[in-house]
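Subject: The structure to look through

Hi,

Here is the structure to look through.

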Amino acid sequence: MDELTPTTAFRIADLAARQDEAVRIAEKRAVDRQHAKGKLTARERIALLLDPGSFVEVDQFARHRCAEFGMDANRPWGDGVVTGHGTVDGRQICVFSQDFSVFGGSLGEVSGEKVLKLMDLAMTIGCPVVGINDSGGARIQEGVVSLAYYAELGRRNAHASGVVPQISMIMGPCAGGAVYAPAITDFTVMVDDTSHMFVTGPDVVHAVTGERVTAQELGGAAVQSEVAGNAHHRAADEQDAVDWVQTLLGYLPANNLDPGPAYADETSPGITAADLELDRLVPDSPHETYDMAELLVRLVDDGEFTEVHSAFAPNMICAFARVQGHTVGVVANQPRHQAGVLDIDASEKAARFVRFCDAFSIPLLTLADVPGYLPGTEQERGGIIRRGAKLIYAYSEATVPKVTVVVRKAYGGGYAVMGSKHLGADVVLAWPTAEIAVMGAEGAVRVLYRRELAALPPEEREPARRRLTDEYRKRHGGPYLAAERGYVDQVVAPSQTRLQVARALRMLRTKRQSLPARKHGNIPL
Ligand SMILES: CC(=O)SCCNC(=O)CCNC(=O)[C@H](O)C(C)(C)COP(=O)(O)OP(=O)(O)OC[C@H]1O[C@@H](n2cnc3c(N)ncnc32)[C@H](O)[C@@H]1OP(=O)(O)O
């Protein structure tokens, strides 16, 4: 052997030294910088998310090739993003985690290549991708090259949409062009206080508009989860964010061809005490409200469900749950908030959820109690026609099993859109308390008998109005006109609902439906 050729032992020691530099030494620096900001490091986050010991890092020794602005003197291993794969609860995922301690986690050519390579891998093997974002955005030193990678990333996100679930965790800054990759992904979680998302930051806002606003006011977790709807969950801290993502993954299939996780059916085959409580859920007075979550917990396995977008448009509940061990997507009006009315936010929230479930073969369970669409100039000018239409579109194109329970009100357009037979529901159940009509009895009488009531002497008007309202309610106020026409398949006592919903979903497991082939539809955006 040539004296200059390194020995095998030397090469192994050299590898260990490089790994030490790439991981241990880099991590020490990252810990100091990140912990001081109340944040975990890129590697700590991955360790928290994945099953212990399951992480396999790829491209650990990738380094940037940029020589601009003195960059050639600083070429850290990994280039500011840790990428790889591992398992969550034994199920495969791919993960990338931006490392803010290296060039502010900014995206350059090499870090971009790493993330794209990882997404290509996830698409090839068909597993979810979790992206952990903590970045100053496009790497300024690399100029247009880094912008190119943002666009490439958006394209990959779009192509992966509906093929593998994509989840974004915003654990620090996410600004400018960087926001659009998470926006295309299916679910986004943000951490209180330490994360923000905006297209233009407070300095630019001030320079352009004169408005002074903090990063948190502009795009903190509270604003994004409650007002803008860009975040599906507002986590109290990083651990909470990880817990939510792990729970979410537990409901989801690995890809659009995977049947999804199924657990043993441990539900009771007979009527339980909790089922009987449903017979008392709906108050006698139509003006009194109740909590739709009380129904939901009694319909699903172990009373457990995980809401997405819980703080955004709370008049609509979108949640994952299980029925007899199989995942369902629940869409439910929440009468406790604005009487469960449909507005722009609720329509868009539910439409996107319905489309996610359909893309990943997750059956839909709809619980309807809806007084109709929210009237007003704000809604009309905001585009409720175009934006509300998304929900009709989403339900209509969904070919997964669709089961609907009409609990109380199903008025007007609200009836039609909330998973009605006419939008392709396979099974529609109605409670005897269901009121399926164009509008509530009081409103209907006001329109139908306006002239007759006005012609009556004032003292006779109120008794006549009450009598007519009562008559209308008896004729049109229940589920039976709809049942006569087969728009409702079964009228069931509330206490029967859990068993009937389970039967319907079991019966529908073999459902197959396909719509005419086309390039794609044109959902009103
Ligand atoms: C398509 C697009 O993404 S357009 C948007 C382009 N990005 C930007 O305009 C944001 C630029 N960055 C910033 O404004 C700030 O760094 C913030 C708000 C993100 C974070 O601020 P702080 O938490 O105070 O961190 P700080 O500014 O010290 O940044 C940490 C390090 O990351 C570096 N860094 C941050 N963002 C970038 C970036 N986009 N490109 C290159 N380096 C960056 C900083 O230079 C700093 O490096 P140093 O430690 O060697 O000094």
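The protein chain has 20 helices and 17 strands; helices (H or I, at least four residues) and strands (E, at least two) are DSSP runs, numbered from the N terminus. Please keep in mind that this is a predicted model, in which local features need pLDDT of at least 70 and side-chain atom pairs count only at pLDDT 80 or more, while totals for chains, interfaces and linings use all residues. Residues are numbered from 1 along each chain as its sequence is written, and side-chain values use heavy atoms, with hydrogens and water left out.

First, the chain as a whole. Its C-alpha atoms fill a box of roughly 110 × 60 × 45 Å along the principal axes. Of the 525 residues, 50% count as buried. Here buried means under 20% relative accessible area, exposed means over 50%, and partly exposed is in between (1.4 Å probe, protein chains only). The accessible surface of the protein chain is about 24,500 Å², and 54% of that belongs to carbon and sulfur atoms; such areas come from the Shrake-Rupley method with a 1.4 Å probe, and for residues only the protein chains shown count as cover. Among contacts (heavy atoms within 4.5 Å) between residues at least 6 apart in sequence, 73% join residues at least 24 apart.

Next, the ligand. Which residues are closest to the ligand? They are Arg33, Lys37, Gly104, Gly136 and Ala138, out of 18 residues that surround the ligand; a residue counts as near if one of its heavy atoms lies within 4 Å. A ligand oxygen is 2.5 Å from an N or O atom in the side chain of Arg33, and an oxygen of the ligand is 3.0 Å from a polar backbone atom of Gly104. A nitrogen of the ligand is 2.8 Å from a polar backbone atom of Ala138. On its own the ligand has 930 Å² of accessible area, and the protein covers 51% of this. Helix H4 (144–160) and strand S6 (173–175) are the elements that give two or more residues to the shell.

Now for Asn333, in strand S12 (residues 326–333). Is Asn333 buried or exposed? Asn333 is buried, at a relative accessible area of 0%. Its side chain reaches the backbone nitrogen of Asp369 at 2.9 Å. Beyond neighbours within four places in sequence, Asn333 has contacts that include Met292, Leu367 and Met418.

Ala221, Gln224 and Ser225 are buried in it. Seen down the axis of H8, the buried residues fall within an arc of 90°, so they line one face of the helix; the arc is that of the directions from the helix axis to the C-beta atoms. Their cover includes strand S7 (187–191) and helix H7 (215–219). After H8 comes Gly229, with a positive phi near 80°.

Finally, compare two other residues. Asp345, in helix H12 (residues 344–359), is partly exposed at 28% relative accessibility. Glu459, in helix H18 (residues 458–476), is exposed, at 59%.

Happy exploring!

Note on methods: A polar contact is a pair of N or O atoms within 3.5 Å; within protein, one must be able to donate a hydrogen and the other to accept it, and residues adjacent in sequence count only if both atoms are side-chain atoms.
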